[in-house]
Amino acid sequence: MRLISLELSGFKSFAKKTSLEFSAPITAIVGPNGSGKSNIAESFRFALGEQSMKSLRGKRGEDLIYSGIGAGAKSNRGSVKITLDNADRILNIDYNEVVIERIVHRDGTNEYFINGSRVRLRDIMELVAHAHIGSSGHHIISQGEADRILNATLKERRVMIEEALGLKVYQFKKQESEKKLEKTEENMRSVESLRKEIAPHISFLKRQVEKVAKAEHMRGDLRTLCLEYFKRESLYIADVRQRLVREREIPEKKKEGLEEKLQNLKKELAVSSKTDGRSHAIVSLEERMHAARDERSSAERKLGRLEGMISAWQMHFRKEQERNLAHKQRSISFSRVEEFVHKLDVEIGHIAERQTLEGIQAAFSRIHEIMQKFLLHESEGGIEKITLDTKDYDDQVEQKKHIEEKISELEKEGRALDLEYRMMCEEMEREKEVGREAEREMFALMREQQVLHTELMQIRLKEEQCEREEKEFKNDLGEAAAVVGRELVNYANFVINSVDVLAEGRDKQRERRRAIERTCVRLEEMGNGAGGEVKREYDEILARDEFLARELGDLRQSAQSLRELITDLDVRLDYEFKAGVAKINDQFQNYFSLMFGGGTASLSVVREKKRRRLQLVLAGEEDADSISEEEEGVEGMMIEVSLPRKRVSNLDILSGGERALTSIALIFAISQVNPPPFLILDETDAALDEANSRKYGDMIENLAVHSQLILITHNRETMSRAGILYGVTMSGDGVSQLLSVRFDEAVKVAK
Ligand code: ATP
């Protein structure tokens with residue numbers, strides 16, 4: 001890699017665009033004090049990303065922009081461009097030429113470009129790290145800073161050496177890896193905390209899903225149970241229905257027959273109710289019998305009276321007869337006897353007809369009378385006596401005869417009435433008996449009807465029970481279907497032996513129903529329906545957790561890889577550093593003894609803690625035990641020298657020239673071991689005497705074999721070694737100007 005050119009525009013005193021070509025290994029920049037030479041050296045630092053304003057001799061970004069009154073005074077920006085030849089691809093970029101540019105604006109903002117493309121500062125730093133020309137500036141020795149490496153702290157010195165050895169690349173890699181590791185660990189923590197955050201939700205959802213699975217299992221069992229239950233229940237209900245229909249048939253028929261019978265009986269009873277009319281007829285008959293009896297009693301009383309009178313008459317006649325009988329016997333004609341017998345026959349015939357006692361008595365009475373009359377008539381001997389006084393008697397007899405006939409008629413009528421009455425009573429009794437029989441039958445039928453009614457009522461109750469069971473069945477089916485699904489309506493397809501079903505007791509079916517109810521309640525308690533959603537959410541969160549776990553695994557793996565990489569880099573850095581330091585030490589010794597004509601010089605790695613602790617404890621500022629681990633762990637570089645013929649215990653007692661020579665020896669040693677593409681030395685030779693200037697001149701020629709040298713100098717010897725000489729002058733308006741000069745001119749310009 002080679003430095004081709006430098007272009008400054010508006011940077012510090014270079015108001016106008018100024019270009020420097022570096023076509024020779026050694027370029028010297030000469031010019032009077034304050035003309036702007038150091039500004040050129042600084043422009044390199046600036047372009048390579050220097051962030052320390054102090055190193056750029058300014059306080060703000062604005063200080064880097066031309067602020068004079070000359071041309072370009074209005075410029076609001078200062079820029080520096082470095083063009084490098086990258087044919088050997090030292091820079092890790094696929095261009096033969098690489099232009100690195102930095103622009104600073106008045107507001108202090110900066111822009112960085114690589115080959116015209118805007119980039120980050122870090123990109124510039126990483127790019128140049130490959131060429132060992134970072135901003136630490138070991139290859140840019142500013143004015144008055146020749147011994148900077150001697151003044152630097154152990155740590156700063158180490159950084160310079162590391163950069164010079166090209167270890168910056170590894171350090172960048174290490175830093176990058178550390179940052180990545182830090183980021184990875186941060187990511188791991190956030191992934192772990194995310195997993196921790198979702199873990200309770202996962203376990204909650206897991207329990208829910210388990211519940212859902214359990215519920216699903218229970219629902220499956222319930223479905224089978226329900227199918228069996230409803231199939232059994234439907235068979236049972238159908239059977240009960242059929243049985244009830246059959247059970248109803250006989251009593252219904254009986255009921256119909258009974259109703260018919262009852263109708264007939266009612267008709268019969270309606271007929272028997274006519275008995276009332278008959279009883280009226282009986283009453284009137286009784287009245288007629290009563291009247292007939294009254295009439296007969298009256299006739300009999302009258303007859304009695306007549307009989308009394310007749311009897312008195314007869315008594316009189318008998319007395320008369322007895323008197324006549326005492327005087328004579330008398331004969332009786334046959335015809336008289338026949339007539340007498342005939343009368344008796346008639347009366348006896350009447351007796352036969354008479355049925356009542358009274359009738360018979362009356363007949364006997366008349367028989368007695370006939371006999372009396374016959375005897376009286378015969379004993380009197382004839383007609384003369386009869387004609388005497390029998391008229392009243394005859395009337396009475398006649399009356400008596402009529403009355404007797406009347407009585408006889410009345411008796412006859414009485415008998416007829418009696419017969420009629422008896423017949424009527426008998427008829428009525430018979431009718432009543434028929435009515436009573438009909439009533440009895442009706443009551444029996446009604447009892448039977450009642451029994452039938454009760455029987456039918458019981459059947460009705462059973463039917464109602466069956467209807468209730470049917471209704472309950474439909475209800476249950478609906479409710480169960482809501483829990484286990486619509487497929488329950490296909491319960492009829494459930495295969496079961498109907499004979500077994502009907503043979504089974506109802507208790508088992510009731511037990512099944514209770515089991516269904518219990519399961520339904522449990523399912524309800526477990527939360528019905530939201531299963532799919534919970535499962536989905538669980539799957540999602542589980543997938544997320546698995547993703548996070550995988551990511552965590554990847555992160556752990558990459559963290560592990562990064563740690564290994566960092567360890568490798570540490571090992572490599574350590575190795576390279578120690579190897580580099582060993583080489584530098586050789587060269588340091590060479591250059592040192594060359595410069596001082598002998599003596600020894602060495603670099604050694606020390607832990608800064610010792611030094612710091614020692615310093616601080618000596619200064620009484622720090623308690624030795626309070627030094628932190630981190631501080632103790634930082635390694636630094638210590639320089640130890642011993643001058644020929646002098647006892648030098650530490651660097652502080654060296655003279656300015658000795659310090660400059662030691663410093664130059666070290667810088668050259670470093671540059672020799674790992675040559676930078678270019679080396680800028682701003683008046684590093686200022687403190688050298690003539691002899692040392694020559695030695696210095698020799699050494700830079702040596703160095704120029706591997707690195708381009710840009711030397712700002714007032715030293716004639718140094719100028720004489722340069723292939724190109726630039727003279728810098730400052731115009732009256734404070735603008736630096738550049739011109740190529742020849743050696744003899746350069747000597748003049750330098751003055
Ligand atoms: P010496 O030989 O004495 O070391 P030099 O040639 O190295 O001098 P520099 O230090 O490079 O000179 O330049 C300093 C000059 O640059 C000063 O005159 C200063 O005024 C000028 N200068 C610095 N910054 C600016 C700026 N922002 N604008 C204009 N001029 C500036």
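A residue counts as buried when its relative accessible area is under 20%. The model shown in these views is predicted.

**View 1. Glu 411, a buried residue of helix 10.** Glu 411 lies in helix 10. Its relative accessibility is 3%, so Glu 411 counts as buried. The side chain of Glu 411 makes a polar contact of 3.4 Å with the side chain of Arg 296.

**View 2. Packing of helix 10 against helix 12.** Helix 10 spans residues 391-484 and helix 12 spans residues 506-525. Their axes are 11 Å apart, at an angle of about 35 degrees. The crossing of helix 10 past helix 12 is left-handed. On the helix 10 side, the contact is made by Glu 469, Glu 472, Asp 476 and Val 483. These meet Arg 506, Arg 513, Cys 520 and Leu 523 of helix 12. Sorted by class, this contact holds 5 charged and 3 nonpolar residues, and no polar ones.

**View 3. The largest nonpolar core.** Nonpolar side chains tend to be buried together in soluble globular proteins. Here the largest such core has 54 residues, of which Ile 161, Phe 588, Val 641 and Phe 668 touch the most other members. Helix 13 (residues 531-596) supplies the largest share of this core, 10 residues.

**View 4. Surroundings of Ile 161.** Neighbours within four places in sequence are left aside. Ile 161 is then in contact with Phe 577, Val 581, Ile 584, Leu 603, Met 637 and Ile 670.

**View 5. A second, separate core.** This core has 42 residues, among them Met 1, Phe 46, Ile 680 and Val 728.

Technical notes: Residues are numbered from 1 along each chain as its sequence is written. This is a predicted model: local features need pLDDT of at least 70, side-chain atom pairs count only at pLDDT 80 or more; totals for chains, interfaces and linings use all residues. Side-chain values use heavy atoms; hydrogens and water are left out. Axes are lines fitted to C-alpha atoms, for helices over the stretch in contact, and angles run from 0 to 180 degrees between N-to-C directions. Helices (H or I, at least four residues) and strands (E, at least two) are DSSP runs, numbered from the N terminus. A crossing is left-handed if the near helix is turned anticlockwise from the far one by less than a right angle, and right-handed if clockwise. Contact means heavy atoms within 4.5 Å. Ala, Val, Leu, Ile, Met, Phe, Trp, Tyr, Cys and Pro count as nonpolar, Asp, Glu, Lys and Arg as charged, and the others, Gly among them, as polar. A nonpolar core is a set of buried Ala, Val, Leu, Ile, Met, Phe, Trp, Tyr and Cys residues joined through side-chain atoms within 4.5 Å. Buried means under 20% relative accessible area, exposed over 50%, partly exposed in between (1.4 Å probe, protein chains only). A polar contact is a pair of N or O atoms within 3.5 Å; within protein, one must be able to donate a hydrogen and the other to accept it, and residues adjacent in sequence count only if both atoms are side-chain atoms.
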